Amino acid sequence: MAFDVGTTSIKCAALSLKDFEPVAQSSIRSTVAYPRPGWAEQDLERLWEELLTLGRKVTEERVGEEVRGLTFDAHMAGVVPVDEEGLPLRPAIIWLDERAAGLPRELWSGPLKLQGYSIPRLIKFLRVTGGAPSRTGKDVISKVVWLAENEPQVLSRARKLLDVKGFLLSRSTGAFVTGHDEASLTWMADTRRNRAAWSREILRKYGVREDLLPEIRNSTDVAGKLRAEVASRLGVREVPVFVGAGDLTAAAVGSGAVREGEVHVYLGTSDWVAAHSSKRRVDVFHYVGSILSAIPGRYLTVAEQEVAAGALEWVMRTLGVEDYGEVERMVSSVDRTALLFLPWLYGERSPVDDPNVRGGLINLTLDTERGEVLRAVMEGVALNVKWVFPYVERLVGRVREVNVIGGGALFDTWCQLLSSALKLRVKRLSDPQLAGVRGLAAIASVGMGVYPSFEDAVAKFKVDRKFEPGREAAELEAKFVLFREAYRKLRGTFRALNLGV
């Protein structure tokens, strides 16, 4: 039984350990609060109750007695201060939150600069952690510094600082643990030896007590036994609960691309391009870094972009389109559009680390149809992926094909546009929106000894369809030139508008 807690939706599925096909599943929309501009929080008590209700729906389909293990993933880079009982002391500050922009300040100060970073401090972060905090403030270390400066009373009462998945593990087992993947993404852990260990050097520098941080364990380890009261509410036995992974790293396993240098693209609320690797790889100029993956002893080289299907959802709401099937029909009926969509609706991380850049729709006319706008959104996201793709490829090696997962991959047109933009074969996994829970099931299966390796486990995954570059490839190549030019020419405008000049 696997729970996938995303920013847009929450999924629960019972999956077969034989072929990882869902036996029963259910999902609901996720609830995120935006109390101030740039802030993004989640009520964890509400989230916990939603998970229990969702899980019960799944076990009501007569699978409760067959559940052998349970595991979670959740959106990463969140901060959850909890007390001795594991109760949250405030709403979770989630990955989208930008309140800590520009923190820690010393990382951006000093006479010697590279991409805005202080060179000596950047080198230290890269040497120890394999990456560095973004200026956007979306990283864990930035949020912890913000808490120390703005909510010291919360930190003084905290027993542990958890991530969202860590909170769910604590509530279900009583254990305060996290995975190597989540620990590495805090930029507070030493990841030089294919594992994470809290860096006393960095913790001391930024005033973070090591006893506030959870124990770091493998994704395949058992965090603990499911508490009796939780098992009763879910309708399962007191089964082992596996440490699991963050949503990004669980989906990376669920993509099936687990061998060295195999690349996958995720199209969800955000998007990313990623590949598993035996070595840490980083491109500081384009904010491509490596975190530890859900596969013990391996890294995941990843370039994350802030908005993908989230942009489509916003446009659908704005245009009054509610049905995804209608979106596919409208988009597939449009052969081409002269619109250019800029998908930076929440700033951007890669290949530019720019919290001030924003979205746009260029070349609108009074005759523009809704189908054209929707197609332009898909094109704009595909072009954004194309923008960052070469920087990942330089680190992991030449790519001949990519796997695609995530809810956005359910659209045939979007997969086709991605293939044409990248000029590569794109393989869509079966049930691409379930990559997270499928990856979790694969992690648990290795932890249980059902499969001896991740390669053996993902060999059971099914490919739904393959897409080849089409006739729109040449047009997208021409638009890509305009896409990059639009950023170069408008970034000053965005900065002026958003910083108030």
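Q: How many aromatic pairs does this predicted model hold?
A: The structure holds 14 aromatic pairs.

Q: Why is the aromatic pair of Trp344 and Phe483 called tilted?
A: Their ring centres lie 5.3 Å apart, with 55° between the planes.

Q: Are Trp344 and Phe483 buried or exposed, and how do you know?
A: Trp344 has a relative accessible area of 1% and Phe483 one of 0%. Buried means under 20%, so Trp344 is buried and so is Phe483.

Q: Why is the pair of Trp344 and Tyr487 called edge-to-face?
A: The ring centres are 5.7 Å apart and the planes stand at 80°. Planes over 60 degrees apart count as edge-to-face, so that name applies to Trp344 and Tyr487.

Q: What parts does the pair of Trp344 and Tyr487 tie together?
A: Trp344 lies in the loop between strand 21 and strand 22, and Tyr487 in helix 16, so the pair joins parts 143 residues apart in sequence.

Q: Why is Tyr487 called buried?
A: Its relative accessible area is 8%; the cut-off is under 20%, so Tyr487 is buried.

Q: Which residues form one aromatic cluster with Trp344?
A: Trp387, Phe483 and Tyr487 form the cluster with Trp344.

Technical notes
Residues numbered from 1 in each chain as written. Predicted model: local features only at pLDDT ≥ 70, side-chain atom pairs only at ≥ 80, totals over all residues. Heavy atoms only, no water. Phe/Tyr/Trp six-rings, centres within 6.5 Å; stacked < 30°, edge-to-face > 60°. Buried < 20%, exposed > 50% of the residue type's maximum accessible area, 1.4 Å probe, protein only. Helix = DSSP H or I, 4+ residues; strand = E, 2+ residues; numbered from the N terminus.
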